Amino acid sequence: MHRNDRLTLQRIDRVFGDRLRPAAYRDTAGLELTAWEVPGEPVPFAEAIQESYTPFTVGQAWGKPWGTVWFHVTGTIPDEWVDAAGADVELVIDLGFDESGPGFQAEALVFRPDGTIVKAIEPRNNTVPLAGVAAADGSIDLYIEAAGNPSVAGTFTFAPTHLGDPATAGDEPIYRLEALFLGLREVAVWELTQDVWTLRGLVDVLEPDRTRRARVLAALVRAADALDPDDVPGTAKAARAELAEVLASPAAASSHVVTAIGHAHIDSAWLWPVRETVRKVARTFSNVLELIDREPGFVFAASSAQQYAWMQEYYPELFERIKAQVAAGRFVPVGGMWVESDTNMPGGEAMARQFIEGKRFFMEALGVEPLEVWLPDSFGYSAALPQIIRSAGSKWFLTQKISWNETNRMPHHSFLWEGIDGTRVFTHFPPVDTYNAELSAAELALAERQFAEKAHASHSLVPFGWGDGGGGPTREMVAAARRTADLEGSPRVRMASPSEFFADAEAEYPDAPVWSGELYLEYHRGTYSAQARTKRGNRRSEHLLRAAELWATLATVRKGAAYPVDRLRTAWRTVLLQQFHDILPGTSIAWVHQEAERNYAAVTQELTEIIESSVRVLVGEGDRTLTVRAAELGAFEQIPTQVSPPVLPERDGDGWVLHAPTVTWRIAADGTIAGCRLHDVAMARDGRELIDPAHPAGVLQLLRDTPRDWDAWNIDAEDSGAPATELRDVEHVEIDGDTIRITRRFGASTAVQSLRVDPVSGALDITVRLDWHERQKMLKLAFPLRVRADRAESEIQFGHVTRPVHANTSWDVARFETVAHRWMRLAEGDFGVSIANDASYGHDVRSGAGAGGGRETVARVTLVRAPLFPDPEADQGAHEFTVSLLPNAPIGAAIAQGLRLNLPDWETRGAHGIEPAVSVGDGGVAVEAVKLAEDGSGDVIVRLYEALGERRAATLLTGFDWSGVDQVDLLERSVKQDAIDTLDSDGVSLRLDAFQLVTLRFRR
């Protein structure tokens, strides 16, 4: 920049910075103020106004961490302000805001005396326009619910903090009421401020030698000269007149088009508890409704049916106002999911239920069906998602988070995303690189500059509004949108709905490029393993829900028992909420995860009661001991009580040997796996040795965990690839029947490893009971194997993904920690080794890591971590994990091992067994769910999928009567009957494409 330009800009910034802010109000007036501090958790308005309020003054401290103070404000608008020309009256409040920004500190909600909500008070949105709020005589009577939410993150230095747990947050006030007054706002001064903000930003993004830049700069100089420092309000119009010509100059015909959508990405929990999210949503949505009333053309989009459901339950008057604006098309529900969930770790049925519960709520409570999936901030996106999206009746997808990749840049912004089954979804990845835009000139220029499809398309989307912790769009942001609607040097900005954007973007780009497979986030890889107890709770709850629905369905259709629809829906909604992308990933404050663990315990108790009562109805009264289980690939059945004899350890030198029918395991004296010799003659594997004694398997490895930033979120490559400390010192060894139990102590922690062989499959199960007290460390269970694997297959929803083991490209290198559900499999040609688990998601695989060079592959399961932010006590204490190793395992065997660990046998006593609910004649088809239809008709829903990645025919046999069957979508609406081949009295013949997801509705 030329020196003269720099000096000119400094002068402009000084003139407007010094003059406009002090002149914002023509006059101010004081108010009467009293307060009541809530002694515990927040209370409803009706209760709060019954309490005794005491005098309170500006400058007084208030608000202990997570506490609530109600202020009562009364007063009268001065007579001389009434009908003042060029001005309006508003209430101005500064709760003591700091620099941490909207959503991360104190906030408030303003009520009328009748309990109706006016709007919220937030940083950078701290006024309440009083037109229509003050009484006809000018009197003011308002209640303000102020939340003393602490700034847990501060300025995101990631320092450990005690503020995330109410038990350690303290009781001293952390805020001081800085201002509360009536202000007579100078409208012309405010409008000038918005003009200057838009044009001043434009100067910064235009090239120095452009004529447009010179003319805008000259206009700003003239406006500054026209502004009299002794009479800013009186000369503001003259200053605006100097800017009118450059503001009216239209954009070029080829300009990029930005669809600006009002938005507030409200995390359903994060650096605040769920109960505070309920209030954040009310504050944000009330801000939006107030803005809708004042700003024609403004459109707001919000996701997460859960958040609307909270409004319906806790703020019914506000919900009815939302509902009216939804009908008017101004308040737009998007996403169609219960919450903006993580998509890496939820199981297949849970991912489906995000859409089932979300869309059902939107359709039944608000009369709309969102067609776009809205997930700007989740930490990577499963390759199963395109098929799930289409199966839910949606057709578009939006994400933003992939812009956080630290190694590779996504090559597209508008593209077709192809899932594991070949389903494609039109996807947009906004080039603005934020979902909390202000519509600044810099943001708009970035969106145009980065848009990868500019040679073929011209549309991108910008979500604007304060998010994460809420707040939403402001009047300043809407003013920026209006000024850039057609402004030379800027993209054209239009305010519209997401569906309008997607329809236009898809229509102008019919030959969009294809991205196939997962959208892996090259960042936040620690989310697969942080807060292990939360993850175990999710895994356990998903499988209990599966079992509870199955047995309840059978009890209903066979015995006439009442189906516990409300109990099951409540349990599902609890689990779905806790799959939110800052709860299940383990990246919230301690309060959130403590509550999640309590909720999982309650879900377990509720579902256990449903299962036990349903099974008792089915087996009848009797003393016969019965065992029921979900058999291989999801064919539910009752099995005999007799089992294969246990595989007992035998002494072998200093160690032990365990002889299973197809494999012999050798366990060294230190409890590691020293050998695994196959003797499966039928498969021609006899004599193959899977483990090099010099590099034993089943080794606990301790690594440092010191990411550069975002502690709970990240695992850095430097830590993951650093030499690990192998924990092989043995304190105690115990043989207990078929189990070898080894106790190890390290640091301040203890690990007890139990090794036993599953007598049916021959798999070696390793259970780790851990008392964990390390800090900034992670613990992995490592398996160096004599397998030259070229790929790792990992279970995801309704199938699996295949990832290369090598590090040939930067994309491969960046994928150093990956997610798998119940199993992963290392493949060497048609030979495979499965590693199944009961509670873990994070894995890494490395080739050529041992003395054998490329002839060895090391797979590791990440068990537990110990980040210090945002929860300094994360994962401290007791944990339990089971990991199972099975050699010579085809994919079907890997799936079976995952089911065995996660769907344990259910023991009961009764008069007779239970015939299978469903069974599939082909082992490559997995049954995911058996339940009753959502509409209460009594029809039975069976959800299944092709599991091996191959086209196949299969026959589904049912253990209940039915009169007909339809192929339906996830919302149980009829779709093309492409999977049903034939029907007969024995069952349904199916023809399935690779990884095809099918939902069948059996009419009864």
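Visitor: Which residue forms a salt bridge with glutamate 828?
Guide: In this predicted model, glutamate 828 belongs to strand S39 (residues 823-828), and its partner lies 140 residues away, in the loop between strand S28 (673-678) and strand S29 (699-704). The closest N and O atoms of the pair are 3.1 Å apart, and the partner is arginine 688.

Visitor: Is arginine 688 buried or partly exposed?
Guide: A residue is buried only under 20% relative accessible area and exposed only over 50%. Arginine 688 has 22% relative accessibility, so the category that applies is partly exposed.

Visitor: Which helix holds both glutamate 317 and arginine 321?
Guide: The side chains of glutamate 317 and arginine 321 meet in a salt bridge of 3.4 Å, N to O. The two residues are four residues apart, about one turn of the helix, and that helix is H8 (residues 316-327).

Visitor: How many residues apart are glutamate 295 and arginine 482?
Guide: Glutamate 295 forms a salt bridge with arginine 482, with 3.0 Å between the closest N and O atoms. Glutamate 295 sits in the loop between helix H6 (274-294) and strand S14 (300-302), whereas arginine 482 sits in helix H12; the pair thus links distant parts of the chain, with a separation of 187 residues.

Visitor: Is glutamate 295 buried or exposed?
Guide: The cut-off for a buried residue is under 20% relative accessible area. Glutamate 295 has a relative accessible area of 13%, and therefore it is buried.

Visitor: What is the distance from aspartate 468 to lysine 401, the nearest side chain of opposite charge?
Guide: Aspartate 468 lies in the loop between strand S20 (459-464) and helix H12 (475-483). Aspartate 468 is buried yet has no salt bridge. A salt bridge requires a nitrogen-to-oxygen distance within 4 Å, whereas the distance to lysine 401 is 6.7 Å.

Visitor: Which side chain makes a polar contact with the side chain of aspartate 468?
Guide: Aspartate 468 touches several residues beyond four places in sequence, including His265, Trp270, Tyr435 and Asn436. The polar contact has a distance of 3.2 Å, and the partner is asparagine 436.

Visitor: Which element gives the largest share of the lining of the largest pocket?
Guide: The largest pocket holds about 1,400 Å³ of space. Its lining comprises 39 residues, and among those closest to its centre are Arg21, Thr193 and Glu476. Elements giving two or more residues to this lining include helix H1 (3-19), helix H3 (187-205) and H12. The largest share, eight residues, comes from H3.

Definitions and conventions. Residues numbered from 1 in each chain as written. Predicted model: local features only at pLDDT ≥ 70, side-chain atom pairs only at ≥ 80, totals over all residues. Heavy atoms only, no water. Buried < 20%, exposed > 50% of the residue type's maximum accessible area, 1.4 Å probe, protein only. Lys, Arg positive; Asp, Glu negative; His and termini not counted. Polar contact = N/O pair within 3.5 Å; in protein donor to acceptor, adjacent residues only side chain to side chain. Contact = heavy atoms within 4.5 Å. 1 Å grid on protein atoms, 1.4 Å probe; cavity = no way out; pocket = protein on both sides within 12 Å on 5 of 7 lines; lining within 4 Å. Points joined across faces, edges and corners; volume = space filled by probe spheres on them.
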